[in-house]
Amino acid sequence: VLMGVDTAPAIAAALITHGRAADTPVAVVADGSTATQRTVRTTLAGLPAALVDAGIRPPAVWVVGEVVSLSTPRAAAPAVCRDGA
């Protein structure tokens with residue numbers, strides 16, 4: 001869901017109402033591709049509270065479903081090689 005922070009509670013509720021399990025995984029990526037990027041993992045049912053608890057504000061995107069399990073928590077960025085090697 002692109003830029004869906006403010007509408008997340010309504011979207012999550014609609015997904016649950018229409019058959020998605022409340023424990024479906026969700027990952028929210030805030031400030032993507034910046035030095036302050038962070039990811040919050042939760043469930044559809046926990047999404048509204050997780051956004052508030054983590055202080056998530058736009059810009060952010062969120063991903064729903066088992067695909068969330070394919071990512072791992074972000075480690076330190078690898079060193080950038082400046083000499084072309």
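These legends walk through several close-up views of a predicted model.

A few ground rules apply to every view: this is a predicted model, so local features need pLDDT of at least 70 and side-chain atom pairs count only at pLDDT 80 or more, while totals for chains, interfaces and linings use all residues. Residues are numbered from 1 along each chain as its sequence is written, and side-chain values use heavy atoms, with hydrogens and water left out.

**View 1**
Starting at the N terminus, the elements go α-β-β-α-β. Helices (H or I, at least four residues) and strands (E, at least two) are DSSP runs, numbered from the N terminus. There are 85 residues, and 24% of them count as buried; here buried means under 20% relative accessible area, exposed over 50%, and partly exposed in between, using a 1.4 Å probe and protein chains only. The accessible surface is about 5500 Å², with 62% of that belonging to carbon and sulfur atoms. Those areas come from the Shrake-Rupley method with a 1.4 Å probe, and for residues only the protein chains shown count as cover. Take the contacts between residues at least 6 apart in sequence: 60% of them join residues at least 24 apart. A contact means heavy atoms within 4.5 Å.

**View 1. The open sheet, in the order E2-E1-E3.**
The 3 strands pair antiparallel, and E2 (38-43) and E3 (60-64) are at the edges with a single partner strand each, so one side of each has no neighbour in the sheet. From one strand to the next, the twist averages 20°; axes are lines fitted to C-alpha atoms, for helices over the stretch in contact, and angles run from 0 to 180 degrees between N-to-C directions. Two strands count as paired if DSSP finds at least two bridges between them. In general, strands of a sheet pair through backbone hydrogen bonds, either parallel or antiparallel.

**View 2. Strand E1 (residues 25-30) and its pairing with E3 and E2.**
On the E3 side, 5 bridges hold the antiparallel pair, and Val-28 sits opposite Trp-62. On the E2 side, the antiparallel pairing runs over 6 bridges, with Val-26 opposite Thr-42.

**View 3. Ile-56, in the loop between H2 and E3.**
Ile-56 is buried, with a relative accessible area of 3%. Leaving out residues up to four places away in sequence, Ile-56 touches Val-5, Val-28, Ala-30, Arg-38, Val-40 and Leu-51. Val-29 is 27 residues from Ile-56 in sequence, and their C-alpha atoms are 9.0 Å apart in space.

**View 4. A salt bridge between Arg-57 and Asp-6.**
The closest N and O atoms of this pair are 3.2 Å apart. Arg-57 belongs to the loop between H2 and E3 and Asp-6 to the segment before H1, so the pair ties together parts that are 51 residues apart in sequence. Both Arg-57 and Asp-6 are exposed. The rule asks for a side-chain nitrogen of Lys or Arg within 4 Å of a carboxyl oxygen of Asp or Glu, and the count by this rule is 1 salt bridge. As a general point, side chains of opposite charge can pair when their charged atoms come close.

Pro-59 is in the loop between helix H2 (47-53) and E3. Ser-33 lies in the loop between E1 and E2 and is exposed, at 74% relative accessible area.

**View 5. A nonpolar surface patch made by Val-63, Val-67 and Leu-70.**
The patch covers about 280 Å². Val-67 is in the segment after E3 and counts as partly exposed, at 43% relative accessibility. Patches are made of residues with over 30% relative accessible area and no salt bridge; like charges are joined within 9 Å, and nonpolar side chains (Val, Leu, Ile, Met, Phe, Trp, Tyr) within 5 Å.
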